[in-house]
Amino acid sequence: MRKIYEGKTKDVFVLENGNYRLIFKDDVTGEDGVFDPGANTVGLTIEGIGKANLRVSSMFFEMLNRAGVKTHYISSDPAHAAMDVKGAKAFGKGLEFICRYRAVGSFLRRYGAYVKEGDKLDSYVEATLKDDERGDPLITSEGLEALNIMSADQFEEIKKSTREITALVSDVLESKGLELYDIKLEFGVDNGGNIMLIDEISSGNMRVYKDGKVMEPLDLTAALLDD
């Protein structure tokens with residue numbers, strides 16, 4: 001296999017059969033040594049979190065596939081922190097959708113004049129461009145269409161899918177006594193132009209609380225993998 005991309009938390013390789021292999025790292029996003037799923041820099045390294053995140057991602061992807069949600073997931077090899085996925089074309093240079101159940105993180109920093117920390121939000125969905133240099137700017141459906149990144153119909157389809165996926169993930173967390181505050185998802189299109197969920201679903205891209213306190217990545221991962 002051949003490496004084609006080196007990311008903050010994963011490296012991507014192309015396989016001989018045309019599929020791709022993601023190798024999960026032990027790095028997580030954050031700032032000044034503090035975990036933050038919304039950050040655009042590596043904040044800290046946690047030994048073993050890569051393999052653990054792979055196991056969590058596999059669990060959620062398999063659940064979503066059973067529910068009829070289109071994803072890029074094919075199979076995983078936890079021993080080698082590897083996940084095989086279908087090829088997908090990203091929107092523009094990368095786009096993230098965040099679904100928010102409560103006001104926290106960057107949402108609170110932006111709109112703190114109107115909300116308090118932890119205020120409930122009605123499955124609010126926002127999109128950000130993956131652009132470290134410009135701080136992952138927010139963008140509207142109209143902006144995406146004007147830049148020829150995504151059509152309005154595609155935006156609405158992804159917004160609906162984001163809410164459906166978030167609700168399914170939230171149900172799993174709720175069954176373990178945990179509350180999802182927000183989650184960051186990525187989508188792409190396959191060779192047929194079908195939209196599907198890509199990247200990962202793990203403690204590294206969601207903010208979860210227990211008894212009013214945010215959970216650290218390892219604690220959340222352990223809770224999710226506790227049978």
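How many aromatic pairs does a search of the whole structure find? In this predicted model, the search returns six aromatic pairs. Two of these are described here, and a pair of aromatic rings is characterised by the distance of the centres and the angle of the planes. For phenylalanine 97 and phenylalanine 155, the ring centres lie 5.6 Å apart and the planes meet at 50°, so the pair is classed as tilted, given that an angle has to be over 60 degrees to count as edge-to-face and under 30 degrees to count as stacked. Phenylalanine 97 belongs to strand β10 (residues 95-102) and phenylalanine 155 to helix α4, so that this contact ties together parts of the chain that are 58 residues apart in sequence. Both phenylalanine 97 and phenylalanine 155 are buried.

The second pair also involves phenylalanine 97, whose ring centre is 6.0 Å from that of phenylalanine 187, with the planes at 90°, so the arrangement is edge-to-face. Since phenylalanine 97 lies in strand β10 and phenylalanine 187 in strand β13 (residues 179-189), the pair ties together parts that are 90 residues apart in sequence. Phenylalanine 187 is buried, as is phenylalanine 97. Through these ring pairs, Phe97, Phe155 and Phe187 are linked into a cluster.

Salt bridges were examined next. The structure holds 16 salt bridges, one of which is formed by arginine 21 and aspartate 84, with the closest N and O atoms 2.7 Å apart. Because arginine 21 lies in strand β3 (residues 20-24) and aspartate 84 in strand β8, this bridge ties together parts that are 63 residues apart in sequence. The two partners fall into separate accessibility classes, in that arginine 21, at 25% relative accessibility, counts as partly exposed, whereas aspartate 84, with a relative accessible area of 15%, is buried.

A further salt bridge joins the side chains of lysine 130 and glutamate 186, with an N to O distance of 3.1 Å. This pair links distant parts of the chain, since lysine 130 is placed in the loop between β11 and β12 and glutamate 186 in strand β13, 56 residues apart. Lysine 130 counts as partly exposed at 33% relative accessibility, while glutamate 186 is buried at a relative accessible area of 11%. Beyond individual pairs, salt bridges that share partners join Arg100, Arg110, Glu126, Asp182 and Arg207 into one network.

Charge is also grouped on the surface, where Glu142, Glu145, Asp153 and Glu157 gather in a patch of negative charge. The elements that contribute two or more residues to this negative patch are α3 (141-146) and α4 (152-175). Aspartate 153 is found in helix α4 and has a relative accessible area of 66%, so this residue is classed as exposed. Valine 56 and glutamate 142 are separated by 86 residues in sequence and by 34 Å in space, taken from C-alpha to C-alpha.

Finally, the backbone of two loop residues was considered. Alanine 81, in the loop between β7 (73-77) and β8 (82-85), has a phi near 55°, which is a positive value in a residue other than glycine. With a relative accessible area of 6%, alanine 81 is buried. Aspartate 136 lies in the loop between β11 (120-129) and β12 (138-139), and phi for this residue is near 50°, again a positive value in a residue other than glycine. Aspartate 136 is likewise buried, with a relative accessible area of 15%, which places this residue under the 20% limit that defines the buried class.

Methods:
Residues are numbered from 1 along each chain as its sequence is written. This is a predicted model: local features need pLDDT of at least 70, side-chain atom pairs count only at pLDDT 80 or more; totals for chains, interfaces and linings use all residues. Side-chain values use heavy atoms; hydrogens and water are left out. Patches are made of residues with over 30% relative accessible area and no salt bridge: like charges are joined within 9 Å, nonpolar side chains (Val, Leu, Ile, Met, Phe, Trp, Tyr) within 5 Å. Accessible areas come from the Shrake-Rupley method with a 1.4 Å probe; for residues, only the protein chains shown count as cover. A salt bridge is a side-chain nitrogen of Lys or Arg within 4 Å of a carboxyl oxygen of Asp or Glu. Lys and Arg count as positive and Asp and Glu as negative; His and the chain ends are not counted. The place of a charge is taken as NZ of Lys, CZ of Arg, CG of Asp or CD of Glu. Helices (H or I, at least four residues) and strands (E, at least two) are DSSP runs, numbered from the N terminus. Buried means under 20% relative accessible area, exposed over 50%, partly exposed in between (1.4 Å probe, protein chains only). Rings of Phe, Tyr and Trp (its six-membered ring) pair if their centres lie within 6.5 Å; planes under 30 degrees apart count as stacked, over 60 as edge-to-face and the rest as tilted.
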